[in-house]
Amino acid sequence: MVDLSVNLSGLELDNPIIPASGTFGYGREFAEFFDIGILGSFSFKGTTANARFGNPTPRIAETPSGMLNAVGLQNPGVDEVIKTELPNIKKIFGKPVIANVGGFSVEEYVTCCEKLDKCDNVGIIEVNISCPNVHNGGMSFGTTTEGAAAVTKAVKAVTKKPVYMKLSPNVTDITEIAKACEAEGADGISLINTLLGMRIDLKKRAPIIKNVTGGLSGPAIFPVALQMVYRVYKAVSIPLIGMGGVSTAEDVIEMMMAGATAVQVGAANLKNPLASKEIIDNLPEVCEKLNIQSLKDIIGGAH
């Protein structure tokens, strides 16, 4: 019997599979397809201080081996999430969830994290620092060590729950950003967020996405994500959640061998609502073929 369990900053997960924020909503739609209680956890939709409609449409575009999105953090705002969504999650998912937080200022991150820290079914707070910093000309917090450190320090001051900083790959050296987060007390790192990309409508001679650029996700980015997880694992001593193009049980094993303790599944859920379930179902067989008795034993095993 293969042991699929992992420990993420004190959170015991039955398996390392976590649907990624923005690809699983609040779980309701997927609960109609399968028992989501089989998941290790899930990261719910990115939450901001106030309700957001998001970017204008069209905000999705297909690519040969993935997709582009510029949804723009559409969500009902942190107070509504706490009042309505988290109680609804409790009805369909009996385990702690991961609260993904977005913000356009340090103060907004602090507000959201402080409120979500008090919610009993939130196990980990995942802080997305790929949001544009409105006080710094729109540059993302996660593109500089100073920006990443400032958000980490501020949210750690108001939270008791483990804080995982979600990093952007659109930087010169992601290991320096990770080390800056660790130095300010981050409990873990989530990586990677989407890569910047675009598509052009040949007939209209204009970008397909109204926002011009969007975040590229799907199988195309898996090798990029894998090497970044591998490098960050060597650079820091805190646990990692790996993500980026994961779509099979074999991808999960690769991510864990590169250094991830848990693995998020993103765009695959949008293509196939049963993707996360199928990965969990296939993991034991893949482990047996590779003579893996416990997934804990392979974390960082490729180093």
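User: At what angle do the axes of H2 and H3 cross?
Analyst: This is a predicted model. In it, the axes of helix H2 (residues 78-92) and helix H3 (residues 106-116) cross at roughly 25° and come within 10 Å.

User: Parallel or perpendicular, then?
Analyst: Angles under 35 degrees count as roughly parallel, and H2 and H3 are therefore roughly parallel to each other. Their crossing is right-handed.

User: Which residues make the contact?
Analyst: H2 contributes Val-78, Asp-79, Ile-82 and Leu-86, and H3 contributes Cys-112, Lys-115 and Leu-116. By class, the contact of H2 with H3 has 5 nonpolar residues, no polar ones and 2 charged ones.

User: Now H7 and H9. How do their axes cross?
Analyst: Helix H7 (residues 249-258) and helix H9 (residues 275-289) have axes that cross at roughly 70° and come within 8 Å. Angles of 65 to 115 degrees count as roughly perpendicular, so H7 and H9 are roughly perpendicular to each other.

User: Left-handed or right-handed?
Analyst: The crossing of H7 with H9 is right-handed.

User: What meets what there?
Analyst: From H7, Ala-249, Glu-250, Val-252 and Ile-253 meet Ile-279, Asn-282, Leu-283, Val-286 and Cys-287 of H9. The residues of this contact of H7 with H9 comprise 7 nonpolar, 1 polar and 1 charged.

User: Pockets next. What is the volume of the largest pocket?
Analyst: The largest pocket has a volume of about 1,200 Å³. Its lining has 48 residues, and those nearest the centre are Asn-69, Asn-128, Asn-193, Thr-194 and Gly-215.

User: Which elements supply at least two residues of that lining?
Analyst: For the largest pocket, strands S4 (43-47), S6 (66-69), S14 (214-217) and S16 (262-265) each do, and so does helix H8 (267-271). S14 provides the largest share, 3 residues.

User: How does the lining of the largest pocket divide by class?
Analyst: There are 27 polar, 17 nonpolar and 4 charged residues in the lining of the largest pocket.

User: And the second largest pocket, how much space lies in it?
Analyst: About 310 Å³. The second largest pocket is lined by 17 residues, with Gly-66, Gly-218, Pro-219, Ala-267 and Lys-271 nearest its centre. Strand S5 (60-63), S6 and H8 each give two or more residues to the lining of the second largest pocket.

User: Which element gives the most to that lining?
Analyst: H8, with 4 residues in the lining of the second largest pocket. By class, that lining has 8 nonpolar, 7 polar and 2 charged residues.

Notes
Residues numbered from 1 in each chain as written. Predicted model: local features only at pLDDT ≥ 70, side-chain atom pairs only at ≥ 80, totals over all residues. Heavy atoms only, no water. Axes fitted to C-alpha atoms, helices over the stretch in contact; angles between N-to-C directions. Parallel < 35°, antiparallel > 145°, perpendicular 65-115°, else oblique. Left-handed = near helix turned anticlockwise from the far one by under 90°. Contact = heavy atoms within 4.5 Å. Nonpolar A, V, L, I, M, F, W, Y, C, P; charged D, E, K, R; others polar. 1 Å grid on protein atoms, 1.4 Å probe; cavity = no way out; pocket = protein on both sides within 12 Å on 5 of 7 lines; lining within 4 Å. Points joined across faces, edges and corners; volume = space filled by probe spheres on them.
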